[in-house]
Amino acid sequence: MARIIGTLSTSHIPAIGNAIARKQQNEPYWKPFFDAWPPVREWLAKEKPDVIVFFYNDHGLNFFLDKMPTFAVGAAAEYVSEDEGWGIPTIPSIKGDPKLSWHIINGIVADGFDPVMCQEMAVDHAITNPMLLMYPDSNWPATIVPIAINSIQHPLPGPKRCYDLGRAVGKAIEAYPEDLKVLLIGSGGLSHQLDGSRAGFINKPFDQECLEAMVTGVEPMLKYSSLDIVEKAGAQGVELMCWIAARAAMQGQVKEVARTYHIPISNTASAVQLLSHTPAAATAKAA
Amino acid sequence: MAQKREIAGTTIFDGGQAAKGYQLNKMCFSFNDPENRKAFVADQAAYFDKYKLTAEQRAALASGSVLKMIEAGGNAYYLAKLAGILGLGVQDIGAQQTGMSVDAFKQKLLDAGRQ
């Protein structure tokens, strides 16, 4: 059976991609962020995930306002990194796992979700930056399944809906008959706002609350609406929904492996948090 | 009808804004293609015509004011692609929208870490 081995949540700020291309990892501005990664890579080398399921948001690369899905699941054999219009280098294509994608789609539709299903999906920095941070040599040892959550056009799905989506995805993964190790990613955040006279808004106390909730359980965040999250985390801080969905998929025992929180990277409170997961079934067996 | 939620200094990109800004955002979306970026740089007025920008959107773009572009329905994620062509970073844009110098804006971000 497939097993969820953990969740890696990380900021995906475009400037990270440029910093990697310019080899600025050890410059004083960047070091606090890039220093988060060696322990994560060590854990990845040990745990060796076969598939990475991404909860992420598209930034106007694959989806436009003509047809904007609230939730979309990739079911492609390959995902192409494409020009985003502002100079972030592209990365080699990443292989998908269509069989697992369709299994997840079947599972979440049976649980009451209505996702858009995508056999072609261009992926942007929300996927390419975490991939490069995890695997700097671009030799992808794992396939991916991208699950996009609308964070552009309101009404956005709120914490409760994204939590329920995450639970349904987790349930589907754990019912998958193949013996796969699955890593989840919550891509984005934490607090930031690019637009309006509140640009540059950062909310450290709220971010700290989120990082704690990721460890102990995000259920206390479910009382917030999507607009509450805009107010507390900033207009683009709504990417937090991707963290909530990923965390919700883990209903077994969760342990924090690593955490970095650093202000600022670009206009963002950057964060990297790795949680390991022992599925409830395995915990019961051990007891 | 429920009262619209007000969040200080923030424009919620809802259905109304998305409808209002459709042409502007559609133009920005086209900038994912390098050929389109070249065509825009070569002849902006012709490019505005091609995407049928409204008078308000043209005026906002001519003014260079990001706040006016947002008022005209622009969305941050799409406008970012235009900023890329103009060579503006998010700190430049943040400074402009908050009426600060770029250095003061960067300092504001650093200060947020010391709360």
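A covered helix, a nonpolar core and a chain contact

Helix α8(A) is mostly covered, since seven of its eight residues are buried, where a residue is buried if 20 or more other C-beta atoms, placed from the backbone, lie within 10 Å of its own. This is a predicted model, in which local features need pLDDT of at least 70, side-chain atom pairs count only at pLDDT 80 or more, and totals for chains, interfaces and linings use all residues. Residues are numbered from 1 along each chain as its sequence is written, while chains are lettered from A and ligands numbered from 1 in the order in which they are written.

The buried residues of α8(A) are Ser226(A), Leu227(A), Ile229(A), Val230(A), Glu231(A), Lys232(A) and Ala233(A), and what covers them includes α6, α7 (204-216) and α9 of chain A. Helices here are DSSP runs of H or I with at least four residues, and strands are runs of E with at least two, numbered from the N terminus. After α8(A) comes Gly234(A), whose phi is positive, near 95°.

From α4(A) the contact takes His103(A), Ile104(A), Gly107(A) and Ile108(A), and from α6(A) it takes Leu165(A), Ala168(A), Val169(A), Lys171(A), Ala172(A) and Ile173(A), two residues being in contact if their C-beta atoms lie within 7 Å.

The largest nonpolar core has 122 residues, and Val53(A), Phe54(A), Phe55(A), Val169(A), Ile244(A) and Ala245(A) are those with the most contacts inside it; such a core is a set of buried Ala, Val, Leu, Ile, Met, Phe, Trp, Tyr and Cys residues joined through C-beta atoms within 7 Å. Helix α9 (residues 240-248) of chain A gives the most to this core, with eight residues. Leaving aside neighbours within four places in sequence, Ala245(A) is in contact with Phe55(A), Ile149(A), Cys162(A), Tyr163(A), Leu165(A), Gly166(A) and Gly186(A).

Finally, the contact between the chains takes 32 residues from chain A and 39 residues from chain B. On the side of chain A that touches chain B, α8 (226-233) and β10 (253-265) each supply at least two residues, and the largest share, three residues, comes from α8(A).

Methods: Buried ≥ 20, exposed ≤ 12 C-beta atoms within 10 Å, placed from the backbone.
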